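User: Can you walk me through how to read a few features in a protein model? I'm new to this, so please go slowly.

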Amino acid sequence: MKRIFSQCVKEIAQFRRDRLTLGLAFLLPFLTLLIFGFAIRLESKDIPLIVQDFDRTNLSSSYIERLYATNQFVPKQWSGGNPTRDAIDRGIAKAAVVIPPQFSRDIQAGRNTKVQVLIDATDVNNARVIRGNIQRVTNFFMQDQGLLPDKSIITPRIRLWFNPGRLESLYIVPGTYGVVLWIFPSLLTAIAMVREKEKGTILQVYASSISATELLLGKGLAYLLIAITEALVVMGLGSIIFQIGVISNPITLLIGTLLFLIDSVSFGLLIGVRTNNQNSAVQIVSLVGFITSLLLSGFIYPLSNIPFPLSLTPNVFPARYFIDITRDAFVRGTGWTGVWFDLLMLAVLGFVFFNVARRLLSRMQISQ
């Protein structure tokens, strides 16, 4: 234990002297939290919409007002050429509505009338949102004009569970914790491990009596303490800035965060053992960490959308389980019954990462 603590103290002393590493440890995670928390929005708003009204009556004007009253669309004007077609082709508008000349006359006569809707489907999800919004506005307008019955046989009463205010920060920010605390602690640990090789001091370690396990535990303990400080800073600032708080048993979040940080540091040790320079370590951690935590963790896209066999990949990355834990702690609040399996998997993956790194480092050491 004395060797492990001595190694830990040495690593923390080196860390404190490096201002660049200090910035990487605390400034970049905070900036990432701000960018993700404020910039990522999954709900489409302010969609540019152009309307071409050939009817020009009070009824058609009322329909147009209904479209823009949803606060989902913003009006766009276009006068050159065919306004509906050219505006979409040039990206000025995402959708266009064409009201025919006989719009109000057909409605008053009880005849069917067709309104043309053109949607830019380059972004498929956005196209679905636009189509659904226009369909709902049209149905509401028809009901308001007495063209549909006021009451239907089936009346759904919908209640939004867990997040009734539809605050996107409740979904994005807890997921951002998983991204930030997976990338930066592992990156710092990998750089520290590789720095020993670049300076040549690793040869002294290989020739000394310290074992691979003691070396990794010493370095890992130092950067685990740094990672815990990172987690406190990031989660504390995130809770203050975005006004979110823990609504379930905090013990699950504390244990899950500790296990996840151990996984992150162990992954950094593994990368540091396998690489020989800092550039390679940074590239591997950034590439693997960013892709897995952002795209294969359920942070933005549901894991059920990933096709087989790629859908098996997220099972070996800890960020997937930690994001479930954070969202349960800050949004759902189910506690132990909802996250026990995630905690178990974090413990298993941390054990695997550390033991693989230990075995690889043991082969490099000079036998005494």
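**Starting from one residue**

Analyst: Let's begin with Thr326: leaving aside its neighbours within four places in sequence, Thr326 touches Pro174, Gly175, Tyr177 and Leu253, where contact means heavy atoms within 4.5 Å. Keep in mind that this is a predicted model, where local features need pLDDT of at least 70, side-chain atom pairs count only at pLDDT 80 or more, and totals for chains, interfaces and linings use all residues. Residues are numbered from 1 along each chain as its sequence is written, and side-chain values use heavy atoms, with hydrogens and water left out.

User: Is Thr326 buried or exposed?

Analyst: Buried means under 20% relative accessible area, exposed means over 50%, and partly exposed is in between (1.4 Å probe, protein chains only). Thr326 has a relative accessible area of 0%, so it is buried.

User: Which backbone oxygens does the side chain of Thr326 reach?

Analyst: Look for polar contacts here: pairs of N or O atoms within 3.5 Å, where within protein one must be able to donate a hydrogen and the other to accept it, and residues adjacent in sequence count only if both atoms are side-chain atoms. The side chain of Thr326 reaches the backbone oxygen of Pro174 at 3.0 Å. It also reaches the backbone oxygen of Ile323 at 3.0 Å.

User: Where does Thr326 lie?

Analyst: Thr326 is in helix H12. Helices (H or I, at least four residues) and strands (E, at least two) are DSSP runs, numbered from the N terminus.

User: How do the axes of H7 and H12 cross?

Analyst: Axes are lines fitted to C-alpha atoms, for helices over the stretch in contact, and angles run from 0 to 180 degrees between N-to-C directions. The axes of H7 (residues 169-199) and H12 (residues 318-332) come within 8 Å and cross at roughly 145°. Among the residues that meet are Tyr171, Leu181 and Trp182 in H7, and Phe322, Arg327 and Phe330 in H12. The residues of this contact divide into 12 nonpolar, three polar and one charged. For that count, Ala, Val, Leu, Ile, Met, Phe, Trp, Tyr, Cys and Pro are nonpolar, Asp, Glu, Lys and Arg are charged, and the others, Gly among them, are polar.

User: Which residues of helix H3 are buried?

Analyst: Here's the general idea: an α-helix has 3.6 residues a turn, so residues three or four places apart point the same way. In H3 (residues 58-68), the buried ones are Leu59, Ser60, Tyr63, Ile64 and Leu67. They sit on the same side of H3 because they cover an arc of only 140° around the axis, the arc being that of the directions from the helix axis to the C-beta atoms. The exposed residues Asn58 and Glu65 are on the face turned away from that buried side.

User: What do the buried residues of H3 pack against?

Analyst: They pack against strands S1 (47-53), S2 (73-75) and S3 (95-99), plus helices H5 (103-108) and H6 (124-144).

User: Which loop holds Arg56, and what is its phi?

Analyst: Arg56 lies in the loop between S1 and H3. Its phi is near 55°, a positive value in a residue other than glycine. Arg56 is exposed, with a relative accessible area of 70%.

User: Which peptide bond is cis?

Analyst: Check omega: the peptide bond from Phe308 to Pro309 is cis, with omega near 5°. Pro309 lies in the loop between H11 (278-295) and H12.
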